[in-house]
Amino acid sequence: MSDQPWLAALRARAAERFAADGWPDRRTEHWKYTPVAPIERARLAPVDAAAQRAEVQAVRAAVAPEAADFVRDFSDLPPAVQAGIGRVAALEGHAFAARNLLDLHDGLVIHVPRGVRVAAPIVLAWGTPAVGAARPVRVLVLAEAQAEVTVIERFDGDGEGAALTNAVTEIIARDGAQVRYAKAQLERDGAFHVGRVAIEAGRDARVEAHLLNLGGALARTELDVALVAPGADVALKGLFGGRGARHQDQHVTVRHQSPRATSDQDFRGVLAAGARGVFTGLVHVAAGAHHTRATQQNRNLLLDAGAHVDTRPQLEIHNDDVQCSHGATTGRLDATALFYLRSRGLDATTARQLLTLAFAAELTEALPDEALRALALDRLRDAITGG
Amino acid sequence: MIEIKNLHVRTEGGAEILKGLDLSIPAGQVHAIMGPNGSGKSTLSYVLAGRDGYEVTAGSVLFKGQDLLAMAPEERAHAGIFLGLQYPVEIPGVSNAYFLRTAVNAVRVARGLPALDAVAFMAEMRRAAKVVELSTEMLKRDVNVGFSGGEKKRNEILQLGLLDPEFAILDETDSGLDIDALSVVARGINAHRGPGRSFLVITHYQRLLDHVRPDVVHVLQGGRIVKTGGPELALELEARGYGWVTEGA
């Protein structure tokens, strides 16, 4: 089976782009804190077309039956839907997004027609690529006006071994649409994960996106949000970290392009024993985007002296008529609270776990899926015990 | 119940706070320690409960014959020590009910009792909450978050009731309470008095002792017990202040 002509055309564009840009390195400003060299050195081989199609079918087959009708592969997309692919995830300056298209033969599209509410969450369980493989994953969520849908992407695996997931997810929420999205990056030890979630929110659309960046050896997810019409409202909630040889990078760009839109960012890192976290967040408010309301918060918990975090919250505001706030804090577990819990009979490990889970509680409780919450809590407990 | 001998303690910074403190509290008695600010009252309570940041340079503390100072804070709790804090800690993100159940079951399991299931614990908690007039609404909220001063102290006494200690230290439990809150807290303490349980009530003022009548009153000053007497000593201290105690000594 050969690729669709539209996909071949996208790929040709991506090839040009990739040839022009090449891989980013430490001198590339927005890759300053995250090294790409380990991924290049691993010499991973792209997953071939047949294997990609097989995986896409397997993931699609596992979607709950009552939601399955809304999920399609690339083989029979109407032109209006197909045109959404590559629309919000721009290629310029994004070598991995270009590479994603270059290696891509199939993906999934979730298309919810106007006014339709999909009650069951659509869970895309991607698992983890074979050792030595570079796997592109591509998803488009297209919620037409007044549509409602919840989409959960899971990337998880056991054991260890080098492999790359290069995941690009585009979310288009048209006027009045409501989209809840969660991405759980829980890849096995030693794995690389580079991802991009690009969101476009229309008039009075509401998008809530959760990122769990808790697995793998080197993982980065870029969240790019464009608020393109009045009343758009996007909330981003991210939890990252873990224990040991992990590098977790979240790179957030929120663009207010229209008046009266709202965005909130709440990112929290929990890091221990050599783990390193990066948060870069930019809120950009365009000249005409009056009555913008934007918040951006990054809080980090370092569980021991071996953990490290770099945080760069930034605002770039081109008009006066806005309410924007941002801030970042980095701290340790509160010694007084630890003593209090131990004086009530909790052992030191349990007390540390309880306070760590409490630090993340607002984010874990907001997750749209019970299984996801349990996984996140397990990872946080492991950050304390090394389990 | 508890035997403190020649206890010398300094902070990690190096200042000596307790300078040869002796104190013995038999089972079933309520002892009060009074003393001016900086006399070492809170240091004593923290050292007994096992908080980091203090160095014991000499002396011993035996609790029912065991070396208390060799035990971790949680081991002391399991053995039957309870400290009601002057400033109970707020823990956002942890519900009071969850915290209490985790604590109660940690202590029960350490004492060889079966852990309580959710239903049995709720019954136990309702019973204990009634004693200090805390509503079940307070139990659902995060630990001490948004609690008034009085509610925080009532929450401490609630924990005392649930954890069933043999020796309870109450560090300035009366501070920051209005008269109504004070009498609720005092009723709570009195409800838990009994032949098998001893109390060390640390306070700055006489007024708590109007409600919780002590068997023995000690004056702590300059890191040592400088005077010991009956309940009437507290009244005298209230009337005359602390100066005369050492002047006369």
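Predicted model: local features only at pLDDT ≥ 70, side-chain atom pairs only at ≥ 80, totals over all residues.
Local features require pLDDT of at least 70 and side-chain atom pairs count only at pLDDT 80 or more, whereas totals for chains, interfaces and linings use all residues; side-chain values use heavy atoms, with hydrogens and water left out. Residues are numbered from 1 along each chain as its sequence is written, and chains are lettered from A and ligands numbered from 1 in the order in which they are written.

**View 1. Crossing of helices H6 and H7 in chain A.** The axes of H6(A) (residues 335-343) and H7(A) (residues 348-365) come within 9 Å and cross at roughly 130°. Because of this angle, H6(A) is oblique to H7(A) (angles under 35 degrees count as roughly parallel, over 145 as roughly antiparallel, 65 to 115 as roughly perpendicular and the rest as oblique). Axes are lines fitted to C-alpha atoms, for helices over the stretch in contact, and angles run from 0 to 180 degrees between N-to-C directions. Helices (H or I, at least four residues) and strands (E, at least two) are DSSP runs, numbered from the N terminus. From H6(A), A:Ala337, A:Leu338, A:Leu341 and A:Arg342 make the contact with A:Ala348, A:Ala351, A:Arg352, A:Leu354 and A:Leu355 of H7(A) (contact means heavy atoms within 4.5 Å).

View 2. Leaving aside neighbours within four places in sequence, A:Glu222 is in contact with A:His30, A:Trp31, A:His94, A:Gly195, A:Arg196, A:Val197 and A:His251.

**View 3. Packing of helices H4 and H6 in chain B.** H4(B) (residues 118-131) and H6(B) (residues 149-163) pack at an angle of about 130°, their axes 9 Å apart. H4(B) is therefore oblique to H6(B). On H4(B), B:Glu124, B:Met125, B:Arg127, B:Ala128 and B:Ala129 meet B:Leu158, B:Gly161 and B:Leu162 of H6(B).

**View 4. B:Gly80 in the loop between helix H2 and strand E6 of chain B.** The loop lies between H2 (73-79) and E6 (81-84). B:Gly80 counts as buried because its relative accessibility is 1%. Residues up to four places away in sequence not being counted, B:Gly80 touches B:Phe63, B:Arg111, B:Pro165, B:Glu166 and B:Phe167. The C-alpha atoms of B:Gly80 and B:Phe167 are separated by 6.1 Å, although the two residues lie 87 residues apart along the chain.

How values were computed
Buried < 20%, exposed > 50% of the residue type's maximum accessible area, 1.4 Å probe, protein only.
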